[in-house]
Amino acid sequence: MTPETHTGLESPRGVWWKPAHKAEKVWVAIAFVWCMVLFAMMPLWHLKGGQNPSGIRRKVDPQAFYQRTQEFIAQYRIGEDRGMPIVAPPAGSDVYLTALAFQWTPILQLEKDKEYVLHLSSLDVNHGFSLYPMNVNFQVVPGYDYGLRVKPTEAGDFRIICNEFCGIGHHIMVGRVIVVDRTAETAETAVSAPSSAGGDR
Ligand code: CUA
């Protein structure tokens, strides 16, 4: 008598399984319901949570985007910091920020509580936009214009840290976003108090 051989491709003969225990059925039901909850949460959180904003995405030629950034800089430039232009676009306008190894061009000066459309793209490789110390993170992909409707809610001098490894200078790739509070500035001028925040340097 030759012993029967089994491979994983065919099931053993007869009833080899035991019916699922009640507890197991309950767990399967709970797991299924939870899956449905999570499934519903995806669109719900997208609409209500404000975590993954519906950005404007367009294909773009990296060079053309960089060119657009340069035009944007020329139009609203107000100064510079160690050679990097500081650009103060008017509220409601389109703002362009190009990531390239290993810098963020330009430095943006925005107004608190004003809306902007922030266009992010890269000239070379993938970079990561991480606004420090806020918890704001976006992928910056060459060939794609990622437009985000943003409204700064806090005044301050923020840093953009690259959170996507992009090469030898990845760790020094730091940008800058300045958010000024115009209403507070007007109040300061009214009482002619010395500016402690340093104003809009
Ligand atoms: Cu850019 Cu890392």
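Tutor: Start with the hairpin formed by β2 and β3, which has 2 residues between the strands. Arg-82 in the turn has a positive phi of about 45°. Strands here are DSSP runs of E with at least two residues, helices are runs of H or I with at least four, and both are numbered from the N terminus.

Student: Which way do β2 and β3 run, and how many bridges join them?

Tutor: They run antiparallel, and 4 bridges join β2 (residues 77-81) to β3 (residues 84-87). Two strands pair if DSSP finds at least two bridges between them. Gly-79 stands opposite Ile-86 in β3.

Student: Before I go on, what sort of model is this?

Tutor: It is a predicted model: local features need pLDDT of at least 70, side-chain atom pairs count only at pLDDT 80 or more, and totals for chains, interfaces and linings use all residues. Residues are numbered from 1 along each chain as its sequence is written, and side-chain values use heavy atoms, with hydrogens and water left out.

Student: Fine. How many helices and strands in the chain?

Tutor: The chain has 3 helices and 12 strands. Of its 201 residues, 30% count as buried; buried is under 20% relative accessible area, exposed over 50%, partly exposed in between, with a 1.4 Å probe and protein chains only.

Student: New topic. How many aromatic pairs in the whole structure?

Tutor: A search finds 5. One of them is Phe-72 with Tyr-96, edge-to-face, at 5.9 Å centre to centre and 65° between the planes. Rings of Phe, Tyr and Trp (its six-membered ring) pair if their centres lie within 6.5 Å; planes under 30 degrees apart are stacked, over 60 edge-to-face, the rest tilted.

Student: Where do Phe-72 and Tyr-96 lie?

Tutor: Phe-72 is in helix α2 (residues 62-76) and Tyr-96 in strand β4 (residues 94-100), so the pair ties together parts 24 residues apart in sequence.

Student: Buried or exposed, those two?

Tutor: Phe-72 is buried at 0% relative accessibility, and Tyr-96 is buried at 10%.

Student: How much of the chain's accessible surface belongs to carbon and sulfur?

Tutor: That share is 60% of about 13500 Å², with areas from the Shrake-Rupley method and a 1.4 Å probe; for residues, only the protein chains shown count as cover.
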